[in-house]
Amino acid sequence: MTAAPSDAWLSVFPAPRIPDVLNYLGTTWDWLRASYADAVAFQHDEPTLTDNLCEALADRDRRLAHRMDCDFQAETWELRRAADGTTSRLARADIRVILGAPGTPHLVIEFKKLDGTTGARWQYCFDGVSRFVEGKYAVGHVFGVMCGIHPGPLADEVAALADYIRQPEHAAKLLCVANGAGDVVTLPSSAAPAHARFDTVHNRPTLTPAGPISLLHMLIPCISSLTLIAPASRPRKAREPRKRAGKATR
């Protein structure tokens, strides 16, 4: 089938697969950077950036133009019921993509700012990836997405982040599963090579069902606030002191 699916076709067989969603995310982010650079500059905190992105993703006209037959919801809570019948809010997902009617698969996208430091990579792994591993996100689902927001060269940060995950103590804590080559990082991504930078797989033995989850790792560029400041005018060259008439200089 070479032609784009018709609206009737999409109403019966909803479209977006994970690569479609990631392509739409990247395209929308590029539009935001081009249209509202200051509003999505790296100086803003993570919720501000993800809320801005989610509003643009959920825009009806944009969704239809990109054939995104799904909902994009910001800051949604994961609710859990305990054995005594009480419920609690376990974790809040940055952006949840919901396909079709209630009960159908959803895709959680967790965002973290990466400033090139090991501290930011620790946050990405142990306050981001770990949420999928521990079951705070995506229980019963086999895919999730981690998205890093970075103001520098993406390739450098991709390599550094992959090496950080590969460190034996980090891979062990994240319950990483090695691929056929014995690497816990599949780089480039095999699940969505055009949009994700690499994939990781993690065991989740404490959950029911206890199957592993595959995470697609996507990085998107973010303009540093420093680049948005107009360069200051060059200071004037200091004038030499005027010589007073009638006095010789030494």
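Let me begin with a definition: a residue is called buried when its relative accessible area is under 20%, exposed when that area is over 50%, and partly exposed in between, using a 1.4 Å probe and protein chains only. What we are looking at is a predicted model, in which local features need pLDDT of at least 70 and side-chain atom pairs count only at pLDDT 80 or more, while totals for chains, interfaces and linings use all residues. Residues are numbered from 1 along each chain as its sequence is written, and side-chain values use heavy atoms, with hydrogens and water left out.

I will start with the aromatic rings. A pair of aromatic rings is described by the distance of the centres and the angle of the planes. Rings of Phe, Tyr and Trp (for Trp, the six-membered ring) pair if their centres lie within 6.5 Å, and planes under 30 degrees apart count as stacked, over 60 as edge-to-face, and the rest as tilted. By this rule there are four aromatic pairs. One of them joins Trp-31 and Tyr-36 edge-to-face, at 5.7 Å centre to centre and with 80° between the planes. Is Tyr-36 buried, exposed or partly exposed? Tyr-36 counts as partly exposed, because its relative accessibility is 46%, and Trp-31 is likewise partly exposed, with a relative accessible area of 34%. Another edge-to-face pair is formed by Phe-132 and Tyr-137, with 5.3 Å between the centres and 75° between the planes. Here Phe-132 counts as buried, at 0% relative accessibility, and Tyr-137 is also buried, at 0%.

The charged end of Arg-62 sits over the ring of Trp-31, 4.0 Å from its centre, and Lys-173 lies over the face of Phe-126, at 5.9 Å from the ring centre.

Phe-126 and Phe-132 bring us to helix α5, residues 118–133, where both are among the buried residues. Helices (H or I, at least four residues) and strands (E, at least two) are DSSP runs, numbered from the N terminus. Ser-130 also lies in α5, and Ser-130 counts as buried because its relative accessible area is 8%. Leaving aside neighbours within four places in sequence, Ser-130 is in contact (heavy atoms within 4.5 Å) with Cys-125 and Leu-174. After α5 comes Gly-135, whose phi is positive, near 85°.

How is α5 placed among the strands? Together, β3, α5 and β4 make a right-handed β-α-β unit, where right-handed means that, with the strands pointing away from the viewer, the path from the first strand over the helix to the second runs clockwise. Strands pair if DSSP finds at least two bridges between them; β3 and β4 run parallel and are joined by five bridges, and β4 and β6, also parallel, are joined by eight. Seven of the eight residues of β4 are buried.

Finally, the interior. A nonpolar core is a set of buried Ala, Val, Leu, Ile, Met, Phe, Trp, Tyr and Cys residues joined through side-chain atoms within 4.5 Å. The largest such core has 30 residues, of which Trp-29, Phe-72, Ile-95, Ile-109 and Phe-111 touch the most other members. Its largest share, six residues, comes from α2. A second, separate core of 28 residues includes Val-108, Tyr-137, Val-185 and Phe-198.

Conventions:
A charge sits over a ring if NZ of Lys or CZ of Arg is within 6 Å of the ring centre and within 35 degrees of the ring normal.
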